[in-house]
Amino acid sequence: MKVLITRRIPEVAINLLKKNKFEILQPISDKPISKNRLKLLAEQADGILSLLTDRIDKELINSLQRCKVIANFAVGYNNIDIIAASEKGIIVTNTPGVLTDSTADLTIALMLNTTRRISESEKFLRDGKFTGWKPDLLLGRELKNKILGIIGAGAIGQAVGERALSFGLKIIYYNRSPKREFERKTRSKKVSLNTLLKTSDIISIHLPLSDETKNLLSKEKLELLKRDAVIINTSRGEILDEQHMIKMLESNRIYSAGLDVFHNEPDINPRLLKMRNVIVLPHVGSATVETRNAMAELAAKNIINVLKGRKPLTPVNHE
Ligand code: 8YV
């Protein structure tokens, strides 16, 4: 049986698949695969190991001849038309759990960076502007006793909350269902989205992108934020109205933003690059050696399981 791996990923996945006697179809290039090439190779594949940079839409899914499983190398799967896959009886899997800690760590790094102006301070020094210590040089804000609003208390949101507790942050969260164990551990409280936006000093977004969450933080919702609020986003750019957030940052209506995700990646709105109070990162939430290896391994195991007639480890659709 043949498995298409759409782009170069850690060797561990390839080794595992080969050990299980699968033939690998893999374009050599490290660039995202073109639409045509994807279609051509996918037609021959029994399983596809896809990346967030591949658009697996209805048209592609309907053209698949023998594919039984699409294993996405990501926890998010907004690049795949799940309904079309389910209709065709194709199992889709993702990589939850293994990237929780790396993404939560990066979220905290962005919180510290924005509030303590780390990137800005470093640039200041590198630009030769550090001419001597001053009592008011590059003053930031403390985390202790500030209110952190976690939007989406899934695994990553909760891991952020647990870390935030040790910085003295007070935690509130917005989620469909209450998370009692998380509340107990972090002394946090579930609130409505509006209350969260109105009361948080820092908001951190941890929702998957779907029709319901797209533009959840609309212009109107963003306007509920406190005057000096900080926005952290390590989930998906499209969850908020980026244009409006930019306006709020430009006019200092909010304090700062730490962003790992954007609308139209990798084409970042140039206005974001000009502001000193914005930290921009190239979608590196899960970018550690350990995590990327674990993601590759989990994706490969999902393919192996399905193609050997076993249950997938982490399915996102159910037969
Ligand atoms: C990855 C992510 O950087 O898992 C996700 O949903 O956004 C990140 O972990 C990316 O998806 C790798 O393909």
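Reader: Which residues is asparagine 302 in contact with, leaving aside its neighbours within four places in sequence?

Author: Contact means heavy atoms within 4.5 Å. With those neighbours left aside, asparagine 302 touches Val69, Ala71, Thr93, Asn94, Pro312, Leu313 and Thr314. This is a predicted model: local features need pLDDT of at least 70, side-chain atom pairs count only at pLDDT 80 or more, and totals for chains, interfaces and linings use all residues. Residues are numbered from 1 along each chain as its sequence is written, and side-chain values use heavy atoms, leaving out hydrogens and water.

Reader: Is asparagine 302 buried or exposed?

Author: Buried means under 20% relative accessible area, exposed over 50%, partly exposed in between (1.4 Å probe, protein chains only). Asparagine 302 is buried, at 0%. Find it in helix 13 (residues 289–307). Helices (H or I, at least four residues) and strands (E, at least two) are DSSP runs, numbered from the N terminus.

Reader: In what order do the 7 strands of the open sheet run?

Author: Two strands pair if DSSP finds at least two bridges between them. Here the order is 8-7-6-9-10-11-12, with parallel pairing. Strand 8 (189–190) and strand 12 (278–280) are the edges, each pairing on one side only. Strand 7 (residues 170–174) pairs with strand 8 over 2 bridges, in the parallel sense. There, isoleucine 172 stands opposite lysine 189 of strand 8.

Reader: Which strands does helix 11 touch?

Author: Helix 11 (residues 242–250) packs on the sheet, touching strand 10 (230–233), strand 11 (256–259) and strand 12. Axes are lines fitted to C-alpha atoms, for helices over the stretch in contact; angles run from 0 to 180 degrees between N-to-C directions. Helix 11 makes about 135° with strand 11.
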